[in-house]
Amino acid sequence: MQEVLERKSIKNIDFNCDLAQAYGVYKNNTEYELLDYVSSVNISCGFHSGDPSTIKEALLKAKNKNVVIGAHIGFNDIQGFGYRPVELKDDELEALVVYQIGALMSFAKAYGLSIEHVRPHGAMYKMAGEDFTFSCAIARAIKKCSDWLVYYAPVGDITAKVADYTGIQVAQELSLEKTYNADLTIDYSKEDNTNNYDLIKRFQHLLHTSQIRNNLGGMSFADVDTIHFSNKYKNSLELIQQARQTMTPTPVNYNNAKISGWVD
């Protein structure tokens, strides 16, 4: 017998996208199209993507749009765009994470800005969603940079346990186009769904019930704080425009402040 899940609506949620996904002569000319519709951005820090000029441009574009800025960290794999897994010792991973966050923090400070969150990229993101120990190592490195930083990590039990174990603020992230297992890990054997009609229906159902359909045909609770919108599909702009018509996103830290009573 299928378990009956309690319905729980989501009143506030963040929309995020990646920026500075370019390097040298290799430019992404479409990534800024989503800036008018997100509430936070993840700026690449130069390892999997991004160079000083691109990072500066992304920061100033984000400042102009008044959106929250975060560090988009990855493995040191510019040729593979950070999609290839790398085995690192804990101290090596810590150095990798701190270096990238520190670079973006300094850039932000130079322009009167601050960063509020950190999101892994590619293979690092996949490992963070599947390996508790690995994800804890990322979280601890983030905390060394600032206790106030929010860790944007894949939705699911691992991220929730990392928050409890390390004491870091987390934002559980979902990507509408991904196929999820029953435990909310991503089924990477499945191609991304780029049918916007399906994705908006999924988004609306998530907002009304805090549930998504998993790859077994059942429903899984998804305690989601932020939705990641990719810019790599032809209809990515249309998708986020339709999502924005459904609701206006709010940054994670602002939502946390509302819950705590600091703001109305």
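Helix α6 crosses helix α7 in a right-handed manner, a crossing being right-handed if the near helix is turned clockwise from the far one by less than a right angle. The structure is a predicted model, in which local features need pLDDT of at least 70 and side-chain atom pairs count only at pLDDT 80 or more, while totals for chains, interfaces and linings use all residues. Residues are numbered from 1 along each chain as its sequence is written, and side-chain values use heavy atoms, with hydrogens and water left out.

Helices α6 (residues 196-209) and α7 (residues 236-246) pack at an angle of about 30°, and their axes lie 10 Å apart. The two helices are therefore roughly parallel (angles under 35 degrees). On the α6 side, N196, L199, I200, F203, Q204 and L207 meet E238, L239, Q242, A243 and T246 of α7, contact meaning heavy atoms within 4.5 Å.

Strand β2 (residues 40-44) is largely enclosed by the rest of the structure, because five of its five residues are buried (under 20% relative accessible area, 1.4 Å probe, protein chains only). S40, N42 and S44 point one way from β2, whereas V41 and I43 point the other way. In a regular strand, side chains alternate between the two faces of the sheet.

Strand β2 runs parallel to β1 (residues 14-19), to which four bridges join it; strands pair if DSSP finds at least two bridges between them. D18 has N42 of β2 as its bridge partner. Five bridges join β2 to the parallel strand β3 (residues 68-73), where I69 stands opposite V41. Together with helix α1 (residues 52-65), β2 and β3 make a right-handed β-α-β unit: with the strands pointing away from the viewer, the path from the first strand over the helix to the second runs clockwise.

Technical notes:
Buried < 20%, exposed > 50% of the residue type's maximum accessible area, 1.4 Å probe, protein only. Axes fitted to C-alpha atoms, helices over the stretch in contact; angles between N-to-C directions. Parallel < 35°, antiparallel > 145°, perpendicular 65-115°, else oblique.
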